[in-house]
Amino acid sequence: MTTGTKQMATSTTLVRALSFSAITALMLIPALASATDPDKNADVAVTSSIAAKTRSVSLGVGKSVVVDLPREAKDVLVADPKIANAVIRSAQRAYIIGAAVGQTNVVFFDADGNQVASYDIAIKRDLNGMRAALKQMLPGVQIEGVGDSVVLTGTVASPVEAQQAGDIAAKLVGSADKVVNSIVVRGRDQVMLKVTVAEVRRDVVKQLGVDLSANMNYGTAAVVFNDANAFTANNGALAPSNGLTGAALNKLGVPTVTATLRAMESAGVVKTLAEPNLTAISGESATFISGGEFPIPTGVTCQTTTSGTIGNCVQTVSFKKFGISLNFTPVVLTEGRISLKVMTEVSEVSMENALTGGQNGTTIPSIKTRRADTTLEVPSGGSIAMAGLIQEQTKQAINGMPGVDQIPILGQLFRSQDFVNNETELMVIVTPYVVRAVAQKELSRPDDGFAPASDAQSALLARVNRIYGVAARSEPIGATPVNFGFIID
């Protein structure tokens, strides 16, 4: 029994030995084939190394870090020495120094050429000083470096603080283009701007003149005299057809001397008032326009027929804008102050300096414009005169026959005089308010309570809108307090 067991164990051992020999032979055959083929051996480079885990290291420019290696290193490879530099202090300790902004890697090798350690190096700007300054001035702002640029994140109370953080970062990197400002302004204020453009103009024109004409005969000689004096200050008479004419007749009833007295006076007052209101978020721009466009002839476009003649001419026009416009950009500062960039304009079509001509005597009007553009700082609820103008223009002209028109009293028969006086006073007032939204029911609209009159009221009472209640019992304006418009802080 013992002998059989020993024989079985011996057989098992021999089988295992033969299997190991076969496996070893199979593994050695490719190696022997490579050794016998010199061409293949020359193309294949075999390196023996142990893979090391790559670690990431971030440094500031001019900063260094101490690296402890897992085993002794004899050589070091720096991909880009301009970005970073590595110094081996001892067999298992090295220094990595940041030189310029960028990325590179550092690999350490032992005496056998095996890789000991690998590091991905990212050299960024040193932002520690900037972080300390921002933490002291603006605690809610964070700064991070991305290559040659910086990114600002966090939240602030006003756009001014966000702009201030961006300016500080721009000083650090040397250019505002390298600053990505991603700061969020919490609770951005809304600003309503009320602009008042008020103008009063007074015009006075006075004209007085005498036109003389005479026709005298002495035998065969005839003398014809004609003196018509123009009004040059006003560029013409106010009413050319108006006048008082007197004539002296001869014995035959033919007028020999004719005198026409032209006297006219004109006085006018023009009041212009525009009050556009506009609301915008702090730091954003807003535009309001109320007006229209009128056509101006620019030329004639004609078509050429197949026979070579020109016809089908059509007049071309361009359009000019007029009306009321307001454009402003508010920035809410600290302590309730508001910085405003305001541009407002009030324009209207005017017949002054109009041109008449073209096809069928087309009259081209002019545009009278008042425009103001400026930047100012006003507290919420305060008003300031943004612009103003006081203008007075006086023109007086005397036209007559030289020498004769200087005769006292009688000289008035040989001259005409006109007097023109234009006075204008203009003021632009701006008032900003920090406002917040309210419920719709708390707002009042211009058409609240309006209803057109019925046919009977329109035909019999000449009313254009309905009237409710008794007029004698109506309460005075302001007796009942009512909330309307914006709620002003």
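Helices (H or I, at least four residues) and strands (E, at least two) are DSSP runs, numbered from the N terminus. This is a predicted model, in which local features need pLDDT of at least 70 and side-chain atom pairs count only at pLDDT 80 or more, while totals for chains, interfaces and linings use all residues. Residues are numbered from 1 along each chain as its sequence is written, and side-chain values use heavy atoms, with hydrogens and water left out.

The secondary structure of the chain comes to five helices and 23 strands. Of its 489 residues, 25% count as buried, where buried means under 20% relative accessible area, exposed means over 50%, and partly exposed lies in between (1.4 Å probe, protein chains only). The accessible surface of the chain is about 32200 Å², and carbon and sulfur atoms account for 56% of that area; such areas come from the Shrake-Rupley method with a 1.4 Å probe, and for residues only the protein chains shown count as cover. A contact means heavy atoms within 4.5 Å, and among contacts in the chain between residues at least 6 apart in sequence, 64% join residues at least 24 apart.

The largest pocket has a volume of about 590 Å³, and of the 24 residues that line this pocket, the closest to its centre are Arg201, Asp203, Glu352, Gln393 and Asn422. On a 1 Å grid over the protein atoms alone, a cavity is a set of points where a 1.4 Å probe fits but cannot get out, whereas a pocket is an open set with protein on both sides within 12 Å along at least five of seven lines, and lining residues have an atom within 4 Å of a point. Grid points are joined across faces, edges and corners, and a volume is the space filled by probe spheres set on the points. At least two residues of the lining of the largest pocket come from each of strand S12 (190-218), S15, strand S19 (337-357), strand S20 (362-379), strand S21 (384-400) and strand S22 (415-436), and S12 gives the most, with five residues. By type, the lining of the largest pocket divides into eight nonpolar, nine polar and seven charged residues, where Ala, Val, Leu, Ile, Met, Phe, Trp, Tyr, Cys and Pro count as nonpolar, Asp, Glu, Lys and Arg as charged, and the others, Gly among them, as polar.

Strand S15 (residues 255-274) also holds arginine 262, which counts as buried because its relative accessibility is 17%. Leaving aside neighbours within four places in sequence, arginine 262 is in contact with several residues, including Gln207, Leu208, Asn229, Phe231 and Asn242. The side chains of arginine 262 and aspartate 211 are joined by a polar contact of 3.2 Å; a polar contact is a pair of N or O atoms within 3.5 Å, and within protein one must be able to donate a hydrogen and the other to accept it, while residues adjacent in sequence count only if both atoms are side-chain atoms.

A polar atom of the side chain of serine 282 lies 2.9 Å from the backbone nitrogen of valine 332, and the contacts of serine 282 beyond four places in sequence are with Pro159, Arg188, Asp189, Pro330, Val331 and Val332.

The remaining sites lie in loops. Valine 404, between S21 and S22, is partly exposed because its relative accessible area is 25%, and its C-alpha atom is 6.7 Å from that of phenylalanine 414, 10 residues apart in sequence. Phenylalanine 450, between S22 and H5, is exposed because its relative accessible area is 55%. Alanine 462, in the loop between helix H5 (455-461) and strand S23 (487-488), is exposed because its relative accessible area is 68%, and its phi is near 55 degrees, a positive value in a residue other than glycine. Most residues other than glycine have a negative phi.
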